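Dear colleague,

Please find below the structure that I am handing over to you.

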Amino acid sequence: MVVSNDTVEMTREEMIAEIDRGARKALGLSAAELARAYRERTLDSPGRVAELIAILNLLPDDDPLFAPRLEHYPVAAVRA
C-alpha cells in the first residue's frame, strides 16, 4: 500500500485482504460472502461496512471475487 497526500494506492490483493479483515471483524463474513450479499441485496445494515463496500466497488465487475459459487446452483440430473 502506498499513501501520498490524500491518495491511497492498493493492489487487488491488498484490497481483498482489507475487505476480508473488515468484513470478518464487523459481520463474520469473508470478502466473497460480503461481495455476494451486497450484490444480491441481502446484506443487513450495509452502512456498518460502507468503507468496505467503497473498496469493493473499486474492483472491476469481472473480478473473480464476484464469480458465483457453484454450490448455489442445482446440478441437473444426467440420464445414462
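Which residue with a positive phi follows helix 2? The residue is R41, whose phi is near 60°. Please note that this is a predicted model.

Helix 2 spans residues 31–39, and its buried residues are A31, L34, A35, R36 and A37. Among the elements that cover these buried residues are helix 1 (12–27) and helix 3.

In soluble globular proteins, nonpolar side chains tend to be buried together. Leaving aside residues up to four places away in sequence, I19 is in contact with A31, L34, L52, I55, L56 and L59.

D63 also deserves mention. This residue is located in the segment after helix 3 (50–56). D63 counts as buried because its relative accessible area is 5%, and buried means under 20%. A polar atom of the D63 side chain lies 2.8 Å from the backbone nitrogen of L65.

Finally, I turn to the surface. M1 is placed in the segment before strand 1 (2–4). With a relative accessibility of 56%, M1 counts as exposed, since the cut-off for that term is over 50%. Together with V3 and V8, M1 forms a nonpolar surface patch, and the three have about 310 Å² of accessible area together.

Yours sincerely

Definitions and conventions: Residues numbered from 1 in each chain as written. Predicted model: local features only at pLDDT ≥ 70, side-chain atom pairs only at ≥ 80, totals over all residues. Heavy atoms only, no water. Patch = residues over 30% accessible without salt bridge, like charges linked within 9 Å, V, L, I, M, F, W, Y side chains within 5 Å. Areas by Shrake-Rupley, 256 points an atom, 1.4 Å probe, with all protein chains shown as cover. Salt bridge = Lys/Arg side-chain N within 4 Å of Asp/Glu carboxyl O. Helix = DSSP H or I, 4+ residues; strand = E, 2+ residues; numbered from the N terminus. Buried < 20%, exposed > 50% of the residue type's maximum accessible area, 1.4 Å probe, protein only. Polar contact = N/O pair within 3.5 Å; in protein donor to acceptor, adjacent residues only side chain to side chain. Contact = heavy atoms within 4.5 Å.
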